Amino acid sequence: MKKIYFITGSQDLYGEDVLIQVEKDSREMAQFLNEKMAGLCEVVFTLVVKTSAEAEDICLKATSDKDCIGVITWMHTFSPAKMWIRGLQALKKPMLHLHTQYNEKLPYDSIDMDFMNLNQSAHGDREFGFICTRLGLKREVVAGYYRHENVIEQIRRFAHAALGADLCRGMRVAMFGNNMRDVAVTDGDRVESEIKYGWNVNYYAIGDLVKIIDTVTDAEVDAKMAEYAGKYDMDTDNVEAVREQAKYEVAIDRFIAKENIQAFTDTFQDLHGLRQLPGIAAQNVMTKGIGFGPEGDYKTAALGAVMQKMSEGRSGATGFMEDYTYDLTAGEELELGSHMLEVSPVFAASKPKIQVHHLGIGNREDPARLVFDGVSGEGIAVSMIDMGDRFRLVCAAIELVPQPQPMPKLPVARLMWKIKPSLPVGAAAWIYAGGAHHAVVSTALTANDIRLFAKMTDTELVVIDEKTDLNSFEQQLEMLDLMAKLK
Ligand code: MN
């Protein structure tokens, strides 16, 4: 299991007894937080740092430990912060600075100078905070009593985001075919993606997959069909079309396992050797934590894998989505999101139906796909774009709503939502920000989770929510452009 290092700061001026107490308290606190992570990751107490050598050693160890996804730092006593400089310069893992105390309440009757010297994080954490700020260190500061539910919740949120950031390092993304011809927003700098996030994005010929498809056995297709039958309603007589997709999915599964792939893209412009565009095949793969981007959209595919990792163990759905069309009734504007086929069934409000319909694009046979209405609830839509000199995350708060009327002739899965604060403001802000028509939608994560991920990866983020005002939003965008030019 992945770990978070719990590192306590102190100094050696207080004498042995105090330091023993500092360590004892720290162990108890780390153990408490470890239990509260409940299988998400371990919180491991490391040591009480008293010297710059100890600070450097533990930060180097955290940085080099592949199982370490982040550190929690806390100053039980005062801890002169110059001794943290070399360590913090070496630290390349996300940091949560926990501004807390061992004691919740003040012992008013018995408090004396010994107590004050032992329990002075109000003092020591400010000194530590200064050096972090002076070093320009991106970190998350959580203030409050460590046993309080809201503090635990923030630490868990940090752990979820840290797991997402950790997945990035060395994550392999496969592109079957390339970016859709002439499309701008889905394209991007793959070298920079690997430098910044660790995403190893590589092209594969669709023929590489076709070779595997040709070796899929009837028994394997039967097993996949049984999986479909257990999860979905067969709503077509064209079983052969579904079996064709089942064959694709077996091949994709095998390819993903062999190449250690966490996300993939395809494109309808490159289907040589395939009789159908992958529909249910791609949809069912998405339910297994694999990110997907159509039309060669590797950024959305990778972001999808990351956000699915961040939402593991949380209720709600996370997956690829595309902005498609609107109901522009004044004051009740709704967006209809979908794709030509590839909507993840994690979004299904009821059991998805397997159907086969004509697809006018791609010039192939009618593909089998899952059709369903979408879930409702609060959510976010997140888009990653390449600004040329940096990546930007655009995160919009949305409310997924039940579709107001049936859409019996729409042959694809769909979601409907309201963007906040309203379509005239929210959609305009999205477009000013350059947000794509592809996004990852999640009802499991919030803008706060994306803020954390952006902080951990030093990615520019703009948030659109109920407080968004277009004038200040545009000014924020101008400020971000200016900041990027100064870097
Ligand atoms: Mn698309």
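Predicted model: local features only at pLDDT ≥ 70, side-chain atom pairs only at ≥ 80, totals over all residues.

Visitor: Let us start with sheets; in what order do the three strands of the open sheet stand?

Guide: Strands of a sheet pair through backbone hydrogen bonds, and they may do so in parallel or antiparallel fashion. Here three strands make an open sheet in the order 8-13-14, with mixed pairing. Strand 8 (233–234) and strand 14 are at the edges with a single partner strand each, so one side of each is left without a neighbour in the sheet.

Visitor: How many bridges join strand 13 to strand 14?

Guide: Strand 13 (residues 353–356) and strand 14 run antiparallel and are joined by four bridges.

Visitor: Are the two faces of strand 14 covered or open?

Guide: In a regular strand the side chains alternate between the two faces of the sheet. In strand 14 (residues 368–371), A368 and L370 lie on one side, R369 and V371 lie on the other, and all of them are buried, which leaves both faces covered.

Visitor: Which residues does A241 contact, apart from its neighbours within four places in sequence?

Guide: A241 belongs to helix 10 (residues 239–259), and with a relative accessible area of 5% A241 is buried. Once those sequence neighbours are set aside, A241 touches Q276, V356, D366 and A368. The C-alpha atoms of A241 and Q355 are separated by 9.4 Å, although these residues are 114 residues apart along the chain.

Visitor: Is strand 17 enclosed or open?

Guide: Five of the six residues of strand 17 (residues 414–419) are buried, so this strand is largely enclosed by the rest of the structure. Strand 12 (residues 334–338) runs antiparallel to strand 17 and is joined to it by four bridges, with S338 opposite R414. Strand 16 (residues 391–400) is also antiparallel to strand 17, through three bridges, and there E399 stands opposite K418.

Visitor: Which residues coordinate the manganese ion?

Guide: The manganese ion is coordinated at 2.0 to 2.2 Å by E295 and E322 through OE, and by H339 and H438 through NE2.

Visitor: Finally, which residues does a cis peptide bond join, and what is the phi of D182?

Guide: Most residues other than glycine have a negative phi, and most peptide bonds are trans. In this model, a cis peptide bond with omega of about 0° joins K420 and P421, and P421 is in the loop between strand 17 and helix 13 (423–433). D182 has a positive phi, near 75°, and this residue is exposed, with a relative accessible area of 84%. D458 has a positive phi too, near 50°, and at 39% relative accessibility D458 counts as partly exposed.

Note on methods:
Residues numbered from 1 in each chain as written. Heavy atoms only, no water. Buried < 20%, exposed > 50% of the residue type's maximum accessible area, 1.4 Å probe, protein only. Pairing = 2+ DSSP bridges. Contact = heavy atoms within 4.5 Å. Donors = N, O, S within 2.8 Å, 3.2 Å for Na, K, Ca; no water.
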